[in-house]
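The following exercises are to be worked through with the sequence and the coordinates at hand. Each task is followed by a solution in steps.

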Amino acid sequence: MHRGSCLCGKVRYEVDGELTDVSHCHCTMCRKAHGAAYGSYGNVRREQFRFVAGESGVARYRSSAGVLRTFCAECGATLQWLRVDPQSPWVSFTLGTLDTRYAPEPDARPRHIFVGSRADWVEVAPHWDVRE
């Protein structure tokens, strides 16, 4: 079980399942949404993610066709990246909002995606698992 929250603590969530497809996304939208070199996400099945407090304070932004991003309306912390299609079985949530420790096994380290869109000041490290 993992627990997480936004910066101000009003929105809290729980994840009851194994994280899959953990990634650091370098696309322009993720960089802007996070205000950082990349956005870090873990994926779980929709039924394994639940808000336990403050769900009414979760704002939604449709950033592109078929994609919805959520964030705390109070503090602006990015929370999720998900498909608009309710039939999509996956939810991606931001690893930076975890309150519990997440330590992946060495063979399950996050992969770096969309590195072709990375910020000019970010160099690809030799040990990265890079996938376009």
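**Exercise 1. Determine the order in which the elements of the protein chain run from the N terminus on.**

Solution. Step 1: the elements are taken as DSSP runs numbered from the N terminus, a helix being H or I over at least four residues and a strand being E over at least two. Step 2: read from the N terminus, the order is β-β-β-α-β-β-β-β-β-β-β-β. Step 3: the protein chain therefore has 1 helix and 11 strands.

The model is predicted, so local features need pLDDT of at least 70 and side-chain atom pairs count only at pLDDT 80 or more, while totals for chains, interfaces and linings use all residues. Residues are numbered from 1 along each chain as its sequence is written, and side-chain values use heavy atoms, with hydrogens and water left out.

**Exercise 2. Compare the radius of gyration of the protein chain with that of a compact globule of 132 residues.**

Solution. Step 1: the radius is taken over C-alpha atoms, and the globule rule is 2.2 Å times the number of residues to the power 0.38. Step 2: for 132 residues a compact globule would have a value near 14 Å, and the protein chain has 14 Å, which agrees. Step 3: the C-alpha trace spans about 40 × 30 × 30 Å along its principal axes. Step 4: of the 132 residues, 43% are buried (buried means under 20% relative accessible area, exposed over 50%, and partly exposed in between, with a 1.4 Å probe and protein chains only). Step 5: a contact means heavy atoms within 4.5 Å; among contacts between residues at least 6 apart in sequence, 55% join residues at least 24 apart.

**Exercise 3. Classify the ring pairs of Phe49 with Phe51 and with Phe93.**

Solution. Step 1: rings of Phe, Tyr and Trp (its six-membered ring) pair if their centres lie within 6.5 Å; planes under 30 degrees apart are stacked, over 60 edge-to-face, and the rest tilted. Step 2: by this rule there are 4 aromatic pairs. Step 3: Phe49 and Phe51 are 5.1 Å apart centre to centre with 85° between the planes, an edge-to-face pair. Phe49 is buried at 10% relative accessible area, and Phe51 is buried at 17%. Step 4: for Phe49 and Phe93, the centres are 6.1 Å apart and the planes stand at 40°, so this pair is tilted. Step 5: Phe49 belongs to strand S5 (residues 49-53) and Phe93 to strand S9 (residues 90-94), so the pair ties together parts 44 residues apart in sequence. Step 6: ring pairs link Tyr13, Phe49, Phe51 and Phe93 into a cluster.

**Exercise 4. Identify the residues that touch the most other members of the largest nonpolar core.**

Solution. Step 1: a nonpolar core is a set of buried Ala, Val, Leu, Ile, Met, Phe, Trp, Tyr and Cys residues joined through side-chain atoms within 4.5 Å. Step 2: the largest one has 19 residues, of which Val11, Tyr13, Val15, Leu19, Phe49, Phe51 and Phe93 touch the most other members. Step 3: at least two residues of this core come from each of strand S2 (12-15), S5, strand S7 (67-72), strand S8 (78-83) and S9. Step 4: another core lies apart from it and has 6 residues, among them Ala37, Val115, Ala119 and Trp128. Step 5: not counting residues up to four places away in sequence, the residues that Phe93 touches include Tyr13, Ser40, Gly42, Gln80 and Leu98.

**Exercise 5. Which residues are the salt-bridge partners of Glu14, Asp21 and Glu47?**

Solution. Step 1: a salt bridge is a side-chain nitrogen of Lys or Arg within 4 Å of a carboxyl oxygen of Asp or Glu. Step 2: the whole structure contains 5 salt bridges. Step 3: Glu14 meets Arg3 at 3.4 Å, N to O. This pair links Arg3 in strand S1 (residues 2-5) to Glu14 in strand S2, 11 residues apart. Arg3 is partly exposed at 42% relative accessibility, whereas Glu14 is buried at 15%. Step 4: Asp21 meets Arg111 at 3.9 Å, N to O. Arg111 is in strand S10 (residues 111-113) and Asp21 in strand S3 (residues 20-25), so parts 90 residues apart in sequence are tied together. Arg111 is buried at 18%, and Asp21 is partly exposed at 46%. Step 5: Glu47 meets Arg45 at 3.2 Å, N to O. Arg45 is partly exposed at 32%, and Glu47 is exposed at 58%. Step 6: salt bridges that share partners join Arg3, Glu14 and Arg50 into one network.
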